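Please keep the sequence and the model in view while reading.

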Amino acid sequence: MKKLTRLLCAALALCVLLPLSPRLAQAAYPDRPVTIIIPFGPGGAVDIAARILAEYFQTKHNITLNIVCKGGGAGAPAMLDVAKARPDGYTFGFPALTTFSTTPQVKKTGYSLKDFQGVAQITNMWLSLAVNADSPIKDFKGLIEAAKANPGKVNYATHGALSSQRLFMSGILKAFPGVDLPHVAYTSGHDVSTALLGRHITSGFGVTTNQKPYVLSGDFRIIGVASPQRLPEFPDAPTFAEQLGPEYTFPSPHGLVAPKRVPHDRVIVMQDLLKAALADPDVQAKFAKAGLSTDFMPADQFQQEMEKVWNTVGVLLKENNLK
């Protein structure tokens, strides 16, 4: 009888514990460091955003985000690492959607859109083109005129051979046939700014976040922003739309993506953590100070945005003969 009683007690204890196990396992995620792979070199806008989020995650949730910057190869090596990562929710990518969508449609990378799923949009950046403050080039028309007068000697740089900026500029230059304006590729927006500061290039294409400190210091002048209207923080910087036409706008959404087979519940946990982070006043203040906006978009909507950008980029590549 005593033996039977012990067996019944053990069985009852097991029944009580088993229903709790899945919930306990889910509640524990993430219970070890999470790696965020950035397909750009260190010091750029995405790196800044990721490190602000890492500080929040550590302070508020005791979750460590390991930020890994892996520039070069038009983002392909970094995003291949993400695609091939163990699908356990401990490795994510933080790309610019345009670059993410461009590279695999131009060359073999070992991955495509189907190998990823959206987690959340974090920020939307505006492309900007700058020159040295003492440059005689005052606007985009001035850059084109300088290129005409000095074929092959006037150039523009971006953070990659297949960057958002180069795709945008390729579309613009179709309106100026015969203009020789060479492209120079670097691995991050920070590298572009450093090259422009050192006068190794004529003009540098980046995002306003990367170029803001140099504008404020008086080193750079922005001669074109890809937003529909002038940005309040750069009231003297003309838009490409006002200089060339309303069709010359180009947002650059950035966000977290996961390998395709990461469980949906873990994607939602990370989505919700990011939503809370981007709603935090301290995070918002730090983003604003860096010239970044907080533009949260949940996983399902961000997935739709990824597909939209992928398809749009495909059309642009074909139109600009970059495929």
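Which residues does Ser252 touch, not counting residues up to four places away in sequence? The model under discussion is predicted. In this model, Ser252 touches Ala96, Thr123, Asn124, Met125, Leu127 and Ser164, with residues up to four places away in sequence left out of the count. Ser252 itself lies in strand 9, which spans residues 251–259. Because its relative accessibility is 2%, and buried means under 20%, Ser252 counts as buried.

A second topic is the packing of two helices. Two packed helices are described by the angle between their axes and the distance between the axes. The axes of helix 7 and helix 8 come within 9 Å and cross at roughly 30 degrees. Angles under 35 degrees count as roughly parallel, so helix 7 is roughly parallel to helix 8. The crossing of the two helices is right-handed. The residues that make the contact are listed below.

| Helix | Residues spanned | Contact residues |
|---|---|---|
| Helix 7 | 189–197 | Gly189, His190, Ser193 and Leu197 |
| Helix 8 | 208–216 | Asn210, Gln211 and Tyr214 |

By class, this contact of helix 7 with helix 8 has two nonpolar residues, five polar residues and no charged residues.

The last topic is helix 11, which covers residues 281–289. At its start, a side-chain oxygen of Asp280 reaches to within 3.0 Å of the backbone nitrogen of Asp282. Gly291 follows helix 11, and the phi of Gly291 is positive, near 80 degrees.

Technical notes
Residues numbered from 1 in each chain as written. Predicted model: local features only at pLDDT ≥ 70, side-chain atom pairs only at ≥ 80, totals over all residues. Heavy atoms only, no water. Axes fitted to C-alpha atoms, helices over the stretch in contact; angles between N-to-C directions. Helix = DSSP H or I, 4+ residues; strand = E, 2+ residues; numbered from the N terminus. Parallel < 35°, antiparallel > 145°, perpendicular 65-115°, else oblique. Left-handed = near helix turned anticlockwise from the far one by under 90°. Contact = heavy atoms within 4.5 Å. Nonpolar A, V, L, I, M, F, W, Y, C, P; charged D, E, K, R; others polar. Buried < 20%, exposed > 50% of the residue type's maximum accessible area, 1.4 Å probe, protein only. Polar contact = N/O pair within 3.5 Å; in protein donor to acceptor, adjacent residues only side chain to side chain.
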